[in-house]
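Trainee: I am new to this structure. Please show me how to read its features, one at a time.

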Amino acid sequence: MLGNSHSGAERTRKQRIYAALAVAAILAMCMWYYSSHKSPVSPGGSRLTNLVLSTKTPYLAPNATARSVPAGLELIQVQHIYRHGARYPTLGDMAHIKNVYGLGGLNVPRDWINAGLVDGDKAALLAEYGYHEMKGLAQRTLQRYPKFLAERMRNPELVRFVSSEFQRSIMSARTFQGVVDPSNHTRPVTVLPLQEDTILAMKTGCPVWVQGKETATLNASKETAVFDSAHGQKLIQRMEGKLGAKLTVDHISTLYSMCGYEVSLFAQSGTWCTLFDPDTSALMELRNDIKYSRVYGPFGANINRKLACALFTAIFQDIDSALRDPPKAVSTFRFGHAETIMFVSTLLRLEDVLGTDNSPITGSMPFSRAQHRGFKTSVIAPFSTNLGIELYRDQRDQPFFRMLLNEQSVRLPECHDEFCSLGVLRNKLSDAIGCDFESVCRISSR
């Protein structure tokens with residue numbers, strides 16, 4: 001009996017050990033999965049880095065909740081425009097990254113060399129965290145408009161999803177649609193052919209802009225050279241001391257992009273991002289914004305103020321239809337690119353809203369002054385950046401709108417409140433609404 005009792009106790013002890021090992025193994029697998037699939041932002045919503053990363057900035061969900069809608073206003077339509085989620089580098093960016101990887105004397109840990117940043121098969125495609133960003137945006141959209149969307153999703157004609165022709169935008173749209181419409185009531189995403197797209201990839205079909213891009217790029221290069229003369233040597237000394245390789249400011253610009261990609265695609269801030277601090281990252285964004293503000297923004301050719309005119313014409317066609325017959329109002333979610341949002345921002349003159357210094361961004365601009373500029377790509381063009389227009393009517397059938405930038409209310413200077421008379425927006429965009437895009441973009445023969 002004693003022998004059998006001892007044998008039974010031994011078996012129980014071994015079973016407990018095996019069970020504990022199994023639990024430990026499961027926990028280890030869960031921890032591995034979480035660490036390899038973690039978001040570029042912490043569960044609490046704060047960034048993994050306090051650096052500003054220009055157009056490679058990961059999207060950060062707002063912490064503040066939106067102001068509640070005043071009594072007496074009824075939501076009748078929403079229209080939102082999105083940049084696609086985080087994407088892999090383009091082939092051009094990959095070439096620059098390979099160049100950095102191949103620098104003689106480069107002294108970095110082996111795990112800093114990330115093959116995922118130079119995989120040509122993935123060039124410019126939506127990344128895993130891009131899908132993650134879009135799912136998060138869609139979930140918060142459901143939370144913002146629960147009753148409104150639930151009622152409209154029953155009718156496939158009342159909610160539309162539109163995308164540019166590029167994979168990263170199409171997959172962003174489909175991912176978003178899959179969350180807000182899990183029952184698949186709405187129609188498939190409408191994809192605009194590139195050569196006909198005057199709404200989301202508008203630059204491609206605008207000869208005036210294409211022709212003017214060369215001049216804008218040349219002007220930006222001149223100002224960038226001024227910037228490099230003022231700040232380049234200090235940046236080079238800092239980076240060469242850390243990396244042990246001979247560098248140019250263009251190399252440092254690539255390092256800055258690599259930091260952005262590491263954070264946005266892989267939730268990794270402990271590699272290339274350690275080369276930068278908040279001030280140097282802000283300097284590099286300023287260098288980027290010299291170009292972006294001229295090629296796509298308010299400090300370039302006049303055409304930049306007009307390129308979103310076809311988009312706003314389409315938006316106001318939907319608004320006017322909604323006001324004529326509110327129960328049949330169509331809400332549209334459009335998915336484009338960083339330049340889509342930059343052209344929209346430029347037409348709306350959001351630089352007047354987002355900063356106190358709206359003078360052109362130059363290479364000689366004092367850093368302290370540059371911090372107050374209204375055009376910052378980390379604010380208006382991070383991955384998944386978005387702009388929304390909510391349409392309301394009051395009890396007297398008077399129309400109002402609220403504008404959202406990255407899920408936060410934006411009050412235009414002409415408005416006294418974030419819930420503003422629609423006439424204010426219509427007047428602000430009077431030169432754009434109803435434009436003939438072909439005429440706007442036609443090169444004059446004179």
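Mentor: Start with contact, which means heavy atoms within 4.5 Å. What you see is a predicted model, where local features need pLDDT of at least 70, side-chain atom pairs count only at pLDDT 80 or more, and totals for chains, interfaces and linings use all residues. Residues are numbered from 1 along each chain as its sequence is written, and side-chain values use heavy atoms, with hydrogens and water left out.

Trainee: Which residues are in contact with S378, leaving aside its neighbours within four places in sequence?

Mentor: They are V52, L53, S54, T57 and E285. S378 itself lies in helix α13, residues 377–380. Helices (H or I, at least four residues) and strands (E, at least two) are DSSP runs, numbered from the N terminus.

Trainee: Is S378 buried or exposed?

Mentor: Learn the scale: buried is under 20% relative accessible area, exposed is over 50%, and partly exposed is in between, with a 1.4 Å probe and protein chains only. S378 has a relative accessible area of 12%, so it is buried.

Trainee: Let me try T254. Where is it, and what does it touch?

Mentor: T254 sits in helix α7, residues 249–266. Not counting residues up to four places away in sequence, T254 touches H96, I97 and V100. T254 is buried too, with a relative accessible area of 12%.

Trainee: What about a loop residue, such as I303?

Mentor: I303 is in the loop between α8 and α9. Its relative accessible area is 8%, so I303 is buried. Setting aside neighbours within four places in sequence, I303 is in contact with C206, V208, W209, V440 and C441. Take C206: it is 97 residues from I303 along the chain, yet their C-alpha atoms are separated by 9.2 Å.

Trainee: Now helix packing. How do I read it?

Mentor: Two packed helices are described by the angle between their axes and the distance between the axes. Axes are lines fitted to C-alpha atoms, for helices over the stretch in contact, and angles run from 0 to 180 degrees between N-to-C directions. Take α9 (residues 309–324) and α10 (residues 338–348): they pack at about 80°, with axes 10 Å apart.

Trainee: What do we call that arrangement of α9 and α10?

Mentor: Under 35 degrees is roughly parallel, over 145 roughly antiparallel, 65 to 115 roughly perpendicular, and the rest oblique. α9 and α10 are therefore roughly perpendicular. On α9 the contact is made by C309, L311 and F312; on α10 by V344, L347 and L348. By class, that contact has six nonpolar residues, no polar and no charged. Ala, Val, Leu, Ile, Met, Phe, Trp, Tyr, Cys and Pro count as nonpolar, Asp, Glu, Lys and Arg as charged, and the others, Gly among them, as polar.

Trainee: At what angle do α6 and α8 cross?

Mentor: Helix α6 (residues 207–243) and α8 cross at roughly 165°, and their axes come within 7 Å. The two are therefore roughly antiparallel. This contact divides into 10 nonpolar, five polar and seven charged residues.

Trainee: Next, aromatic rings. How many aromatic pairs does a search of the whole structure find?

Mentor: The search finds 15. A pair of aromatic rings is described by the distance of the centres and the angle of the planes. Rings of Phe, Tyr and Trp (its six-membered ring) pair if their centres lie within 6.5 Å; planes under 30 degrees apart are stacked, over 60 edge-to-face, and the rest tilted. F161 and F333 have ring centres 5.6 Å apart and planes at 15°, so they are stacked. F161 lies in strand β2 (residues 159–163) and F333 in strand β4 (residues 331–336), so the pair ties together parts 172 residues apart in sequence. Both F161 and F333 are buried.

Trainee: And Y296 with F343: stacked or edge-to-face?

Mentor: Their centres are 5.8 Å apart and their planes at 75°, so the pair is edge-to-face. Y296 lies in the loop between α8 (278–295) and α9, and F343 in helix α10, so the pair ties together parts 47 residues apart in sequence. Y296 counts as buried at 12% relative accessibility. F343 is buried at 0%.

Trainee: Which residues form one aromatic cluster?

Mentor: Y82, F161, F176, F333 and F335 do.

Trainee: Last, backbone angles. What should I look for?

Mentor: Most residues other than glycine have a negative phi. S384 is not a glycine, yet its phi is positive, about 70°. S384 lies in the loop between α13 and β5 (386–393). It is buried, with a relative accessible area of 0%. N406 also has a positive phi, near 50°. N406 is in the loop between β6 (399–405) and β7 (408–410).
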